[in-house]
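Subject: Structure handover

Hello,

Here is the structure for you to look over. My notes follow below it.

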Amino acid sequence: VQLQASGGGLVQPGGSLRLSCAASGLTFNSRAMGWFRQAPGKERDFAVIISRSGVTLTADSAKGRFTISRDSGKNMVYLQMNSLKPEDTGIYYCASSPIWSSQSIGYDYWGQGTQVTVSS
């Protein structure tokens, strides 16, 4: 199984980024997918998750700014991040779960992470 995250980078406050995650080696359509983030010196927390049917759940800190989507035909998951803030800085991980969960313990496959830095 591979989850390959990409799209991170340096962006100014108020800017946007789109993260992508390419999944392979798993039954993509039967699994929930999520984006988790880990800020410097903090634990990894969920940012936004999407069920296999497209239901989404967004962390309060990201509501109204982050949107997750999935393309089952391409085995891809995307995270559109708008109105970025310095506190959004961190490593963003793509993850896959056989169940619907916002807890990282529920995810059995993880990508390598992509760095997002929001700074002027």
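First, a term: buried means under 20% relative accessible area, exposed means over 50%, and partly exposed lies in between (1.4 Å probe, protein chains only). The model is predicted, so local features need pLDDT of at least 70 and side-chain atom pairs count only at pLDDT 80 or more, while totals for chains, interfaces and linings use all residues. Residues are numbered from 1 along each chain as its sequence is written, and side-chain values use heavy atoms, with hydrogens and water left out.

Tryptophan 110

Tryptophan 110 is partly exposed, because its relative accessible area is 26%. It sits in strand β10, residues 109–110. Strands here are DSSP runs (E, at least two residues), as are helices (H or I, at least four), numbered from the N terminus. Tryptophan 110 touches Leu3, Phe36, Arg44, Tyr93, Cys94, Ala95 and Ser104, leaving aside residues up to four places away in sequence. Contact means heavy atoms within 4.5 Å. A polar atom of the tryptophan 110 side chain lies 3.1 Å from the backbone oxygen of tyrosine 107. A polar contact is a pair of N or O atoms within 3.5 Å; within protein, one must be able to donate a hydrogen and the other to accept it, and residues adjacent in sequence count only if both atoms are side-chain atoms. Serine 120 is 10 residues along the chain from tryptophan 110, yet their C-alpha atoms are separated by 30 Å.

Cores

A nonpolar core is a set of buried Ala, Val, Leu, Ile, Met, Phe, Trp, Tyr and Cys residues joined through side-chain atoms within 4.5 Å. The largest has 25 residues. Trp35, Phe66, Leu79, Met81 and Tyr92 have the most contacts inside it. Strands that each supply at least two residues include β1 (2–6), β4 (32–38) and β9 (90–97). β3 gives the most, with 4 residues. A second, separate core has 6 residues, among them Ile49, Ala59, Ala95 and Tyr107.

Threonine 114

Threonine 114 is in strand β11. It counts as buried, because its relative accessibility is 10%. Its side chain has a polar atom 3.1 Å from the backbone nitrogen of glycine 8. Beyond four places in sequence, threonine 114 touches Ala5, Ser6, Gly7, Gly8, Leu19, Gly90, Ile91 and Tyr92.

Glutamine 38 lies in strand β4. It is partly exposed, with a relative accessible area of 28%. Its side chain reaches the backbone oxygen of lysine 42 at 3.1 Å.

Positive phi

Asparagine 75 has phi near 55°, a positive value in a residue other than glycine. Asparagine 75 is in the loop between β7 and β8. Serine 83 is not a glycine either, and has a positive phi of about 50°. Serine 83 is in the loop between β8 and β9.

Best wishes
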